[in-house]
Amino acid sequence: MRPGAMKEGRRLNAWLAPIAAAFAAFVACAGLWSLPPIDRDESRFAQATAQMIESGDYLVIRFQDRERNKKPAGIYWLQAASVSVLSDVGKREIWAYRIPSVVGAILAAIFTFLIGKSLYDQRTAFLAALLIASAPVTAVEATVAKTDCMLLALICIVQFAFVKIYAGMQQGEKATLRWPIVFWAAQSAAILFKGPVALVVSILTGVGLLSGKPRIAWIKRLQPILGLALLIALIAPWALAISDATEGRFFIDAMGGDLLSKVASAQESHAGPPGYHLLLVWILFWPAAALLAPGLFHIWRERDQWQARFLLSWIIPAWIVFEFTATKLPHYVLPLYPAVAIVAARAATRHTPPTSAFVRPGALLYGIVSLVAAGFIIALPVLLEEQSLVPVSILAACSVAVAGFFIASLFWRGRGFQGGVAASGLAAVVAWIVLTGIMPALSKPAISPRLSAALEEVERHPLKNDAPPIALAGYSEPSAVFLLGTNTILTSGADAADKLLADEIGAAVIEHSEKEFFLSQIETMQTSVRVLAVIDGLNYSNGQRVSLSVFVRDTSN
C-alpha cells in the first residue's frame, strides 16, 4: 500500500469514533422536541424531577405527595441539572428532561466502539456502534426521560473497563489500578441510577468467564476489596441520607416492592414466557437482524478465543436470567445489546461467503422485518387516529420497503459490512419518520397535551396563566399532572364538584365515567356549571376511550 494511502486510512480511522457519536446523536434526537410527554413512566420521572426543583429537596423523590421509592436519585439529578441549565421548571418542556437519555445513547455508542476496537478491529467496532445507536429500542429509550439509556452508557463503561482488565491478563500486561478504578466508579454511578443492574450483568459475565482459562486469575485484577471499598465510599453518603430521610422506606420499597417483586412475579401486567426477549430481538435490533444468527454461529465456533468467550459470557448468562424473570419489558435486555452488536458486526467483517450457514436466511429475515416496519408506518395512524390511509405514510412505507429490499440484497450477496451500515442508516431514517413525522401528528392519543392547551386557551392553566389548581376525576395519567402542575388534584367526580363550588380549584376536568357523579353533586348543591371544552381521545396506556369535559362555575346567573 502506498504511504499516502496508509496515512489517509489512518486519518479516516481517527474519525470513526466521532462519526459514530454524531450518528448516535442524530438518531437520539428523533422525537426529542416533537413528542409530547409519554405515559406513564416518562411523565412520572419528569414530574418527580420537577418537584425536586420546585421544592429544593434533591434527596427524597416524590410524585405529588407520595414518595417514589423505586429507583435511586441519579437520573433525577441529571434531569434537574438539564432543566435548570436549558429550560425552566414552570415551562414543563419535556425535551429538557430527555437530554440525559440522549447523552446516554451517545456514550453507549462511543463505548461500544471502544469495546469492539479492544476486542477486534476498528471496522467491527464502527459497525457495532452504528448498530447499537440505530436499534429501534435504543432510539425509543433515547427519546424518553427515564433511566435506561444512561444505565446502558454506564454498563458500556463498566464492561469496557472489564475488557481492558481481562485483555491485559490474556496478553501478559502488568496489572494496574487504572481500569479497576474505572470499573468500580462506573458501577457506583450505575447503582445511583438503577440499583445493582450493572453489577449483576458484570457478575454474570464473570460467571461465564469461569468456563475459560485462566478461570479465576482475572478476579484478582478486578481489585474486588479495593473496589468494594470505593463503591461503598461513593454510595454510602447518599444511602445513609435517603435511609434517614425516609426512615428506611426507600430500601424496603426499592428492593422488596420493586426489584425483587419483578423477579418473582409479573408487575403491572408485564408478563411473558421464556423466549420473549429472543422473539423480540429481531425487531428491537432490526438493523442487525440479518447478522445475529451468523454472528452467534461464528462466535460460538471461536469460543476458545478470549474475545469470543468474553462476549458470550456477557450475553448468555444474563439473557437466561432475563428470560426467566417474571416481569418482562422489551428494553430489559438492552444492557446486553452492545455485546450482541459486536457479535453481529464481527460476522459482517469476516467476509463470510453468501453460501455460509445463516447468511441468506438472515437476509430473508431482515427483509421480512423491513416489511413489518413499513406496515407499522402505514398502520400506526390508522390504529391510533382511527383515520383512513394517509398518502404520506404510504409513500414513506413504500420507500422503507424498497430500501429494505435493497439492503436485504446486500446481505444476500454476503456484503455484510455494507449491509450493516445501510441498515443502520435506514433504521435512523425510520426513527425520524415515526418519532418526528407520525406520532406527534396523532391527536387522539395526545389527551394530556390537548387538555393543557385547552386550559391555556381559556386562561385556566395553573402554570401558564397563574390560575388555581385543576381537579381531575376519572383521568389520572402522570402526563396530566406534569403538564398541569404539581398541585393538580386527582379525585372523584363528587369531590371535584365540592372543590369547584368551594372555589378551591379553577376548573374540574371530568371523565365521562365520573360525569354522572359530578353533575349529581352539582345538582344537590343547587348551583350551575358550564363546559369550556371537551377533549375526546384514546388512552394508549390502557387502550380505553376517554372523554374529558372541562367544567367551571357558571357565574352568569
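Which residue stands opposite Ala508 in β5? In this predicted model, in which local features need pLDDT of at least 70, side-chain atom pairs count only at pLDDT 80 or more, and totals for chains, interfaces and linings use all residues, the residue opposite Ala508 in β5 is Ala471. Residues are numbered from 1 along each chain as its sequence is written, and side-chain values use heavy atoms, with hydrogens and water left out.

Strand β5 (residues 507-511) runs parallel to strand β3 (residues 470-473), to which four bridges join β5, whereas the pairing of β5 with strand β7 (residues 544-553) is antiparallel and likewise extends over four bridges; strands are DSSP runs of E with at least two residues, and helices are runs of H or I with at least four, numbered from the N terminus, and two strands pair if DSSP finds at least two bridges between them. Val550 in β7 is the bridge partner of Val509. Ala507, Val509 and Glu511 point one way from β5 and Ala508 and Ile510 the other way, and all are buried (under 20% relative accessible area, with exposed meaning over 50% and partly exposed in between; 1.4 Å probe, protein chains only). In a regular strand the side chains alternate between the two faces of the sheet.

Glu141, placed in helix α7 (residues 136-142), is also buried, because its relative accessible area is 7%. The side chains of Glu141 and Lys146 are joined by a polar contact of 3.5 Å, a term for a pair of N or O atoms within 3.5 Å of which, within protein, one must be able to donate a hydrogen and the other to accept it, residues adjacent in sequence counting only if both atoms are side-chain atoms.
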